[in-house]
Amino acid sequence: MMSQRNPIPRRQVLIQGGAAAAGLAILPTDIFRGWLAGFEQEAVIPWVERPHPGTRERVNVLDWEEVDSWITPTDQMFRVGHYGSPVIAESDWNLEIGGLVDRPGTFSLSELRARPRQEVVFTLECSGNRGRPSFIGAVHNARWAGVRLADVLTEAGVQEEGIEVVFFGADEGEEEIRGNTVTQNFARSLSLEDAMDPGVILAWEVNGEPLPNAHGFPLRIIAPGWYGIANVKWLTRIELRDRRFMGKFMARDYVTLRAEERDGATVWTETSVGRANINSVPAKVVRNGDGHAIHGAAWGADIAAVEVRVDEGPWRAATLGEGQGDPHTWAFWHIDWDATPGRHRIVSRAIDADGNVQPAADDPMLVNKRTYWESNGQLTRSILID
């Protein structure tokens, strides 16, 4: 479990979030871009440790020092594929609904678009993000549009035995399973209860444009609150089943291995990557007149507060900006810093509306983890001030 602090009353968080949202309705986004960028005329001080450029080129991870918009432009969104990126013509595509439903059928993209439109802004994070020192930008915040999955499932008529909703993508590859070589499509599942969440949508649009091929054209699942692996791209079939789905990306890969101590003995547990964890990152440091300011982002929960520590100093409260009060988007934050010359270490920790604190790097939940999935420890970054 995450460490606890004195919980911040949820009502207080909602009031603060509502006030922030009211401000957003008045102020143009460009103001926030300027705010995050340090009002643009300020100089960014580079971090000592830099992400490997090859990682950015391969999967398009964010360079945090260049982030200047609460909504991530589509061409800056990270991309991950497991069996390549299939190219699908809309005229050749339809979505099949089958399994334990009363009314199985297929839908064209135009038929889905004719249904009531649902939009959601969601910070989607790769479950491998932060798993390695150079891999810290596999996350983005985008505006998705589509139709509620719950509406489609309700119309299909889920039978009483149906408990699991499996999503199959068009991307496929060969797998070796106990001496058998088989061709499998990428697939993940949600429990029926999770799939019926009104925030889960079948999305055909991102940031006001049709899905690019790299992000799942013509249709993908968007499941706010879940790591990226659950958001299946190039969707072709949805199937209701009466038992848990145990495909490669549920039961053999994207599995977190962790040691737990029980009565003096070590017990190894394996859990499928699921809901996103609370996280934050110091994004950049800018010169602010005679001083400096630290900017960052926090996500993975209803963010109530962010605290920042420099070197061995005290934890200080940062000021939250755009995104505060929304559990499914990132919240920008900043804090003024009276920096002195020399090398410094900066770390942030996010706190959610229930008082849960982003764990320290030496938290047993992280230290005893043997896989890099779901790594959300407090991130320390080094910087040199002239």
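Two strands count as paired here if DSSP finds at least two bridges between them. With that in hand, here are my notes on this predicted model.

1. Strand β4 covers residues 118-125, and strand β5 covers residues 139-148. The two run antiparallel and are joined by eight bridges. As for cover, seven of the eight residues of β4 are buried, so the strand is mostly hidden from solvent by the under 20% relative accessible area cut-off.

2. **The chain as a whole.** Stepping back, the protein chain has 386 residues, and 52% of them are buried. Its secondary structure consists of eight helices and 21 strands. If you look at contacts with a separation of 6 or more, 69% of them link residues 24 or more positions apart. The accessible surface is about 17,800 Å², and carbon and sulfur atoms contribute 49% of that area.

3. **The five-stranded sheet.** You will also find an open sheet of five strands with mixed pairing, in the order β3-β2-β11-β6-β7. Its edge strands are β3 (105-107) and β7 (180-191), each of which pairs on one side only. From one strand to the next, the twist averages 30°.

4. **Inside that sheet.** Strand β2 (residues 95-99) and strand β11 (residues 235-241) run parallel, with four bridges joining them. Here Ile97 is the residue that stands opposite Ile238 in β11.

5. **A helix on the sheet.** Which strands does α5 touch where it packs on the sheet? They are β2, β3, β6 (164-177) and β11. The direction of α5 makes about 55° with that of β11.

6. **The buried side of α5.** Helix α5 spans residues 149-156, and its buried residues are Leu149, Ala150, Val152, Leu153 and Ala156. Why do they belong to the same side of α5? Because they cover an arc of only 160° around the axis.

7. Gly157 follows α5, and its phi is positive, near 80°.

Note on methods. Residues are numbered from 1 along each chain as its sequence is written. This is a predicted model: local features need pLDDT of at least 70, side-chain atom pairs count only at pLDDT 80 or more; totals for chains, interfaces and linings use all residues. Side-chain values use heavy atoms; hydrogens and water are left out. Buried means under 20% relative accessible area, exposed over 50%, partly exposed in between (1.4 Å probe, protein chains only). Contact means heavy atoms within 4.5 Å. Accessible areas come from the Shrake-Rupley method with a 1.4 Å probe; for residues, only the protein chains shown count as cover. The arc is that of the directions from the helix axis to the C-beta atoms. Axes are lines fitted to C-alpha atoms, for helices over the stretch in contact, and angles run from 0 to 180 degrees between N-to-C directions.
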